[in-house]
Amino acid sequence: MKQDSTLGEGLHNFVDEATIREEMARFENPEPGRIREILAKAREKQGLDPEEAAALLRNKDRDLDEAIFETAMHIKKAIYGNRLVVFAPLYITNECKNRCAYCGFKASNKELDRRTLTSEEIKREVEVLEDLGHKRLLLVYGEHPKLGADWIAQTVRDVYAVTSAKSGEIRRVNINCAPLDVEGFRKLHEVGIGTYQCFHESYHRPTYEKLHVSGPKRDFLWRLHAMHRAQEAGIDDVGMGALFGLYDPVFEVLGLLHHAKQLERDWGVGPHTISFPRLEPALNADIAYNPPYPTTDHEFKKIVAVLRLAVPYTGLILTTRENSEFRRELIEVGVSQLSGGSRTYPGAYSDPEYDRPDVQQFCVGDSRSLDEVIRSIAGDHGYVPSWCTACYRLGRTGEHFMELAKTGFIQKFCLPNGLLTFKEYLEDYASPETKAIGEALIRKEVDNFPDPDRKHLLTDRLARMEAGERDLYL
């Protein structure tokens, strides 16, 4: 594939700065009555327009902010119940041709220890992750011409090929890699990737071009249309995101929403997931230590809540950039997926000298082990950790999944399937303390399960798991 900064020439910029400015200007200081109207609409689970999201984000009344949080909690519980999807990132390479001012992997960072995992090294990393209990991975790649779609596809095959003791296998591989052409995405689709994830970083084009100094990533429009090409190639689950701290956070949220709406117009379905990482310190990236647009924890919490109201059926992903205490807060206002026990450089999971700033992309805020994260999810929140991949293997993806989700499907199928994967984790990987907490939660969930037919199926499968069967779902 051609690797220069002209591939996006002639493509349409559907995230129009003037439109977003107008939407922001309409609600410089929104009236309390208007905020309440927007929250009433949000409770109908039909989503919000970008200008309505702008009004909520620009609200200055702390009491109304609490109403925003409460409404987000209500929507999350109504759609997702008390289930949280768990995954881990697996960094395959930190080699990169781009010079992104905020990133430790940038090409000009001569102090970074560059590494690309071999097939054998990938196997070792996956074995460690499987032995911890992971079933869902996000593979992360730098952007380098020598590491194209064929090579990425082979690394996906390498991951799927690894099985280990107990129920050790990876059942869902999502990837975060540089934008490809349609043929490149088709190769990834053919090897069975789940979600293709690509963050636009900043939707404000002057900021984007200023911070992406050189390299193929500098091409704003080529990156903006990456999801469209992935859809054309048959990848109907796509994940987008913005890096908060680079520009005005209200602008970035509206950029995400306009991007989502364009996907829905063109392909019938918006993003499967949205991520919202905050800028964190990175080696030799001064801007990462001094973000131009820092967001307070309160502002960031409101961003998460407003995204949940604006795109109620889209998964919201929380990474380990945030510390454990703040992650507990964010889970309650809209997060539906989170990483656990994450490490952010190639070879990190099998590295006995973990915590090396000379190789990692950014500093991790939550350094708890996977077992500690699971114990907190189940014990502190009463949520069910889920590694479920049934929908993907049964073809319930993209537009089909969204249609099902709007009928209450997540509560009917995803919760019991989540319980089954949680049971699998407790049987094979959990510490005694986590297992005791988890078993009590499963008993409570089964007792309260409203559908008698599915309750019978769930009880049967849980018993079969105790007898040694694995990978069961409804």
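Which residues does R218 touch, not counting residues up to four places away in sequence? They are Y208, E209, H212 and V213. Contact here means heavy atoms within 4.5 Å.

This is a predicted model, in which local features need pLDDT of at least 70, side-chain atom pairs count only at pLDDT 80 or more, and totals for chains, interfaces and linings use all residues. Residues are numbered from 1 along each chain as its sequence is written, and side-chain values use heavy atoms, with hydrogens and water left out.

**R218 and its loop**

R218 lies in the loop between β6 (212-214) and α9 (220-224). Helices (H or I, at least four residues) and strands (E, at least two) are DSSP runs, numbered from the N terminus. R218 counts as partly exposed because its relative accessibility is 33%. The cut-offs are under 20% relative accessible area for buried, over 50% for exposed, and partly exposed in between, using a 1.4 Å probe and protein chains only. C100 is 118 residues from R218 along the chain, yet their C-alpha atoms are separated by 8.5 Å.

**The whole chain**

The protein chain has 20 helices and eleven strands. Its C-alpha trace spans about 60 × 60 × 40 Å along the principal axes. For 474 residues, a compact globule would have a radius of gyration near 23 Å; the chain has 21 Å, so the two agree. That radius is taken over C-alpha atoms, and the globule rule is 2.2 Å times the number of residues to the power 0.38.

Of the 474 residues, 61% count as buried. Among contacts with a separation of 6 or more, 75% join residues 24 or more positions apart. The accessible surface comes to about 18,000 Å², and 47% of this belongs to carbon and sulfur atoms. Areas come from the Shrake-Rupley method with a 1.4 Å probe; for residues, only the protein chains shown count as cover.

**The second largest pocket**

About 330 Å³ of space lies in the second largest pocket. Of its 15 lining residues, the closest to the centre are L57, R58, V250, E299 and K302. The elements that give two or more residues to this lining are α3 (50-58), α4 (62-80), α11 (249-267) and α13 (297-310). Helix α13 gives the largest share, four residues.

What is the make-up of the lining in nonpolar, polar and charged residues? Six are nonpolar, two polar and seven charged. Ala, Val, Leu, Ile, Met, Phe, Trp, Tyr, Cys and Pro count as nonpolar, Asp, Glu, Lys and Arg as charged, and the others, Gly among them, as polar.

The pocket search runs on a 1 Å grid over the protein atoms alone, with a 1.4 Å probe; a pocket is an open set of points with protein on both sides within 12 Å along at least five of seven lines, and lining residues have an atom within 4 Å of a point. The volume is the space filled by probe spheres set on the points, which are joined across faces, edges and corners.

H298 is placed in helix α13. Leaving aside neighbours within four places in sequence, H298 is in contact with R62, D65 and F69. The C-alpha atoms of H298 and L257, 41 residues apart along the chain, are separated by 21 Å.

**Around α19**

G438 sits in helix α19 (residues 432-447). G438 counts as buried because its relative accessibility is 0%. Beyond its neighbours within four places in sequence, G438 is in contact with F422 and L426. E44 is 394 residues from G438 along the chain, and their C-alpha atoms are separated by 33 Å.

A430 is in the loop between α18 (409-428) and α19. At 18% relative accessibility, A430 also counts as buried. With neighbours within four places set aside, A430 is in contact with D371, Y425 and K435. Between A430 and R375, 55 residues apart along the chain, the C-alpha separation is 8.9 Å.

Most residues other than glycine have a negative phi.
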